[in-house]
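Here are my notes on this model. Please read them with the structure open.

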Amino acid sequence: FAGASSRSSFFSPDGKWLLLSQVAGGHYWLRPVDPPGSPPTELAYYGQAGSLSRNGQSMAFIHGNSISIVSFPGGELLSQWHASGYYIQNIWWSPDGRWLIAVGHQSESNQTALFVIEP
């Protein structure tokens, strides 16, 4: 789900899952691709969808100045991280899945910061 947003739906990298979103309210649903027509399960609201880790076991969500990392596909909260004073704009997993990279912006000072997080 790299680059997922609240305005679209995305397939997981392995093609087994479909992340569905509702623009109003930021709700997310997850459903297996097979069998066709399988019902979606609503994920707890965690903010703006970020991206799925390379190993497919964790997904990160942005909400303001914090990041929530949840298990995938279960949605259990694994950890949270806060960037005081910075609004998190984008997040990506490193190719080996060991690190989560976040870009944050501080409007008062107009500074942008790069955060490297070990979840």
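1. The lining of the largest cavity has 8 nonpolar and 2 polar residues, with no charged ones. Keep in mind that this is a predicted model. Leu43, Phe61, Val70, Ser71 and Gly75 lie nearest the centre of the cavity, among 10 lining residues.

2. How much space lies in the largest cavity? About 50 Å³. Searching the whole structure gives 1 cavity of 30 Å³ or more.

3. Two strands stand out in the lining. β6 (58–63) and β7 (66–71) each supply at least two residues of it. β6 and β7 pair in the antiparallel sense, over 6 bridges. His63 stands opposite Ser66 in β7. The hairpin of β6 and β7 has 2 residues between the strands, and Gly64 takes a positive phi near 65° there.

4. On its other pairing, β6 meets strand β5 (residues 48–52), antiparallel over 3 bridges. Met59 in β6 is the bridge partner of Leu52. This hairpin has 5 residues between the strands, with Gly56 at a positive phi near 75°.

5. Is β6 mostly covered or open? Mostly covered: 5 of its 6 residues are buried.

6. The largest nonpolar core has 14 residues; Ala60, Ile67, Ile88, Ile91, Leu100, Ala102 and Phe115 touch the most other members. β6, β7, β9 (87–93), β10 (100–106) and β11 (111–117) each give two or more residues to this core. A second, separate core of 10 residues includes Leu19, Tyr28, Phe61 and Val70.

7. Take Ala60 as a case. Beyond four places in sequence, its contacts include Ala49, Gly50 and Ser51, as well as Ile67, Ile91, Trp93 and Leu100.

Terms used
Residues are numbered from 1 along each chain as its sequence is written. This is a predicted model: local features need pLDDT of at least 70, side-chain atom pairs count only at pLDDT 80 or more; totals for chains, interfaces and linings use all residues. Side-chain values use heavy atoms; hydrogens and water are left out. On a 1 Å grid over the protein atoms alone, a cavity is a set of points where a 1.4 Å probe fits but cannot get out, and a pocket is an open set with protein on both sides within 12 Å along at least five of seven lines; lining residues have an atom within 4 Å of a point. Grid points are joined across faces, edges and corners, and a volume is the space filled by probe spheres set on the points. Helices (H or I, at least four residues) and strands (E, at least two) are DSSP runs, numbered from the N terminus. Ala, Val, Leu, Ile, Met, Phe, Trp, Tyr, Cys and Pro count as nonpolar, Asp, Glu, Lys and Arg as charged, and the others, Gly among them, as polar. A nonpolar core is a set of buried Ala, Val, Leu, Ile, Met, Phe, Trp, Tyr and Cys residues joined through side-chain atoms within 4.5 Å. Buried means under 20% relative accessible area, exposed over 50%, partly exposed in between (1.4 Å probe, protein chains only). Contact means heavy atoms within 4.5 Å. Two strands pair if DSSP finds at least two bridges between them.
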